[in-house]
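These are my notebook entries on a single model, kept in the order in which I looked things up.

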Amino acid sequence: MENRREDNKVMIIAEVANAHQGSMKQAEKMVNAAAEAGADAVKFQLFTAGELCVKAHSRYEHFQKLELSHEKMQTLYNLARKNKLLFFSDAFGYESAEFLMSFPADGIKVHSADLSNVHLLNLLSGWEGTIMLSCGGASELEIHRALSILRPSEQKLILLHGFQSFPTPLEETHLKRMGHIRETFRLPVGFMDHIDAEDEMAFTLPLMAVSAGAVLIEKHLTLDRSLKGIDYYSSLNPDEMKAFVRQVRRAEQALGNREVSFGSKEKEYRVKMKKQLVASLSVPEGSIIRKEDLTYKRAEDNCNPLSIDNIEGKKVKQSIQEDDVIKLSHLDLKTGILIIARMNSTRLPGKALTPIMNKPALELLFERAMLSKSADAIILCTTENPEDDALEELAAKKGIKCYRGDELDVLKRMIGACEQENLDIAVRVTGDDILLSPTHLDEAVHHLIKTNSDYCHNKGLPSGTECEVFTVQALKTIYLFAEEPDNTEYLTYFIESENFHRSELPVPPEFKRDVSLTLDTLDDLEAISFLLENIYRADTPFTQEALTRFIDAHPDRFRIRYAPKIYSQVKDSLNCELDFSRKT
């Protein structure tokens, strides 16, 4: 069991402890009751009186009566498995731990009384199962010393907050301490609930712990609290345990995810309630928008609201009437195609100048970009490295502008190009995509403008022919707030959040193909050369229809693009989040 289970649910442990009172019949009933209640696990305590205390201790004989033999524990383990429950147990000594490790149990709990028991801790340090370390009544130094033996970097460890005071007073629960423990030791934290079962907070307190980040809740179970058996103070009856489990599961639904992600109802709320940027008075064509020309009102227009700061000072290319929702289509905006390329390539060195059809590969991409009808400028974004001088020379020959910047900071390079050309909209095309579809590029730009989007893509096309369109303001926002600026090359990952309005160009089925035509390897070079030898004409640009027909006629010559699962794995390996605390 890691920080959370695969289904992201809190682990609910029905704690039997010694409520069985030494009776195997009672213990078996409690396992069945835990399963019936919907708990995830059942937990017992394994000890001998000799492991717990000296013979002269006043409760030595009491503990002897509560001992469960190894045979009985094995029977309870088997019963838990039959009921599809995980089986956990406290180990109060070396002998008990050895036996539990031999099952093996799903988890072994070290009581806070044993945090200094180096014999027990050294034994458990070699175990591969989950270890739960109780922190109740323990100092931070004791916890630190125990962890230095258990080596959390190599083991599955969970710290447990709480203690049993038969019952524990509400004011000594200190739920805020959970966060402190988690941050101090950088480990997941669970909550051992020992409040009076008759207290009105008996259900509420664990739910608060769930909200505070508890990955597991340990709740005592008894068959009949009115009999006042061992550990009855904080124990729930079976029917109460069932209701408790149901409440925890409902609380989890309310917690949702940490990331801001709008559900369907929240999206409906946003569309219905969010005010739009509208004209406060009629604005004639050709005028420059002033702040006083704009205001915010609700409008029944399912459109991404624009920011007044991004609109002020823009030229109006078509008149706007009072109360009209302001759209990008109203404005005179400058669009640029940014071609990101460099000579330094690991898999296919120098590929930008690799000859295809007797032309450098990058020149073929320039030709495709120049067919765009929406672009006001085409800019090669390359590095300041000397080997990229040749790329700048090639761009100059073709009448393509150039911007050079830091090799690793791709986004800064893009923003520099946008500022150089005073762009409002940037189309990103990588140097690998030499088969770019100019028609679909123009359609993506138009779609972004029509929908007031921050970002639009046409990735339904074969990779290598598609592009991504950004507002320059979105690029600057990502650069300003990126938690890991070094990862801003992966722009798509950053923009996949509710901070931006994203849209996708609907690509007709006749153009959708799940193949890769990017120039990345020698095999790609061979496949693309084969394609162009058959459809490329110097005097007549090939169409997307012609490209698609050729792919369909030769499916074995082209590789499948990255599967979504691989895409997800790449994204998860990077930190592509925005950190607004850094600039607030």
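In what order do the 8 strands close into a barrel? I read the order as E1-E2-E3-E4-E5-E6-E7-E8, with parallel pairing, where strands (E, at least two residues) and helices (H or I, at least four) are DSSP runs numbered from the N terminus, and two strands pair if DSSP finds at least two bridges between them. Neighbouring strands of this sheet are turned against each other by 25 degrees on average, direction ignored; axes are lines fitted to C-alpha atoms, for helices over the stretch in contact, and angles run from 0 to 180 degrees between N-to-C directions.

Before going further I noted the ground rules. The model is predicted, so I keep in mind that local features need pLDDT of at least 70 and side-chain atom pairs count only at pLDDT 80 or more, while totals for chains, interfaces and linings use all residues. Residues are numbered from 1 along each chain as its sequence is written, and side-chain values use heavy atoms, with hydrogens and water left out.

**Entry: strands E2 to E4.** I followed strand E2 (residues 41-46), which pairs with E3 in the parallel sense over 6 bridges, Gln45 having Asp90 in E3 as its bridge partner. E3 in turn pairs with strand E4 (residues 107-110), again parallel, over 3 bridges, and here Asp90 has Lys109 as its partner. From E3 the chain passes through helix H5 (residues 94-102) to E4 in a right-handed β-α-β crossover, meaning that, with the strands pointing away from the viewer, the path from the first strand over the helix to the second runs clockwise. I also found strand E3 (residues 86-91) mostly covered, with 5 of its 6 residues buried (under 20% relative accessible area; exposed is over 50% and partly exposed in between, with a 1.4 Å probe and protein chains only).

Entry: Strands E5 (residues 130-134) and E6 (residues 156-161) run parallel and are joined by 5 bridges. Helix H7 (residues 140-150) packs on the sheet and touches both E5 and E6, its direction making about 165 degrees with that of E5. Helix H10 (residues 238-255) lies across E1 and strand E8 (216-220), at about 155 degrees to E1.

**Entry: the core.** The largest nonpolar core has 71 residues, of which Val42, Phe44, Met73, Leu76, Phe87, Leu124 and Leu159 touch the most other members; such a core is a set of buried Ala, Val, Leu, Ile, Met, Phe, Trp, Tyr and Cys residues joined through side-chain atoms within 4.5 Å. Helix H1 (residues 24-37) gives the most to this core, with 7 residues.

**Entry: Asn18.** I located Asn18 in the loop between strand E1 (11-17) and H1, and Asn18 is buried, at 7% relative accessible area. Leaving out residues up to four places away in sequence, Asn18 touches Gln45, Phe47, Leu66, Ile230 and Asp231 (contact means heavy atoms within 4.5 Å).

**Entry: aromatic rings.** My search of the whole structure gave 12 aromatic pairs, counting rings of Phe, Tyr and Trp (its six-membered ring) whose centres lie within 6.5 Å, with planes under 30 degrees apart called stacked, over 60 edge-to-face and the rest tilted. Tyr77 and Phe103 have ring centres 4.5 Å apart and planes at 55 degrees, so this pair is tilted. Because Tyr77 lies in helix H4 (residues 70-82) and Phe103 in the loop between H5 and E4, the pair ties together parts that are 26 residues apart in sequence.
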